[in-house]
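Dear colleague,

Please find below the structure that I am handing over to you.

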Amino acid sequence: MGILGLSKLIADVAPGAIKERELKHYFGRKIAIDASMCLYQFLIAVRSEGSQLVSADGETTSHLMGTFYRTIRLVEQGIKPVYVFDGKPPNLKGGELAKRAERRDEAQKLLQAAEEDGNLEAIDKFNRRLVKVTKTHVDEAKELLKLMGIPYIDAPCEAEAQCAALVKAGKVFATATEDMDALTFGSNVLLRRLTLSEARKLPVQEIHYDKVLADLELNQDQFIDLCIMLGCDYTNSIKGVGPKRAIELIKNHKSIEKILENIDTKKYIVPEDWNYKDARLLFQEPEVSNADEVQLKWSEPDEEGLVKFLCGDKQFNEERIRNGSKKLHKARNTSTQGRLDSFFKVVPNPTPTPKRKTIKIKKVSNVKNITVFLWRCLL
């Protein structure tokens, strides 16, 4: 789910924090990608086009197709991707996961009704709601990335938190995900739409955390409290408080504690036994691996290993897999040029050069006046 309404709030109140870029802008960049989000996108995208791609035994392979071709596209643009997979969910997320399970059960019932009625639009809608990234999808994606020579990381907990830690440590440039809570975890740069289909022709949306804080006029702790007020995966929010009201309350009272002391609880219903403090702590001190100890290594693709893994039972075309492997090899060996800003750091001049005075040239009528004019220019 991420943070409800945060993307629209930033677009409305802090539009200067958002830039739109072409994919080629990230040439030479190392980018941490939320793997589970990608797999979900691939499963959804292929399903919406008609049906899932499956292996000979009927197992879904859409996630493998998406990961293979989308990763090749990124590497061909000179990007160095590193995929980060979710670990165990925090205990506070149990309520959100239970809600998702209930929604899937409800979608299953509605799907059966739609199929009985022959409502194709409704069938597609509820099919999408039933998509879930499984352990099998994850394990197969990891095996594929290994054979492609692309590094991946198993986060101890939330992938977005681990991505943010890598960004803050300078290991990678940005976090790529559609979930806005990467900002709540403190990722300096968030990239959205990076892994979307090229056919959609949408620019990459680049959001800068420091600019968000500056334009919203909030510090890091106040921003975390704002995200909890908007609605996150770890706890409920105050009923009746929308995005505009939430930011107004945070700006006026600076913290959830002060808001609770001043809010009209008859008008705005506060959740019983609201565990916002635990949610806040999860954002402030997430469980992550020490980013300084993380080693990222991109290696040559294993063409024969890829053919063995993807062809045969998984029914991928061998010629296309070999061509993809060769593209990876070529891109890896032709995209070694670094970005200039990785070698040089631009710093402000402590003693800026004063502006030169503008000299207005006047019309002169004789040699004596010209001589005087030239002397004045030299002084």
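The model is a predicted one.

On disulfides, a search of the whole structure finds zero. C38 takes part in none, and the cysteine sulfur nearest to that of C38 belongs to C163, 9.7 Å away. For a disulfide, the two sulfur atoms would have to lie within 2.5 Å. C38 is also buried, with a relative accessibility of 3%. C232 is likewise in no disulfide; the nearest cysteine sulfur, that of C227, lies at 8.2 Å.

As to the overall fold, the protein contains 16 helices and seven strands. The protein has 379 residues, of which 44% count as buried. Of the contacts between residues at least 6 apart in sequence, 70% join residues at least 24 apart.

E257 belongs to helix α12, which covers residues 256–262. With a relative accessibility of 26%, E257 counts as partly exposed. Beyond its neighbours within four places in sequence, E257 is in contact with Y276, K277 and R280. Y276 is 19 residues from E257 along the chain, and the C-alpha atoms of the two residues are separated by 9.6 Å.

With kind regards

How values were computed: Residues numbered from 1 in each chain as written. Predicted model: local features only at pLDDT ≥ 70, side-chain atom pairs only at ≥ 80, totals over all residues. Heavy atoms only, no water. Buried < 20%, exposed > 50% of the residue type's maximum accessible area, 1.4 Å probe, protein only. Helix = DSSP H or I, 4+ residues; strand = E, 2+ residues; numbered from the N terminus. Contact = heavy atoms within 4.5 Å.
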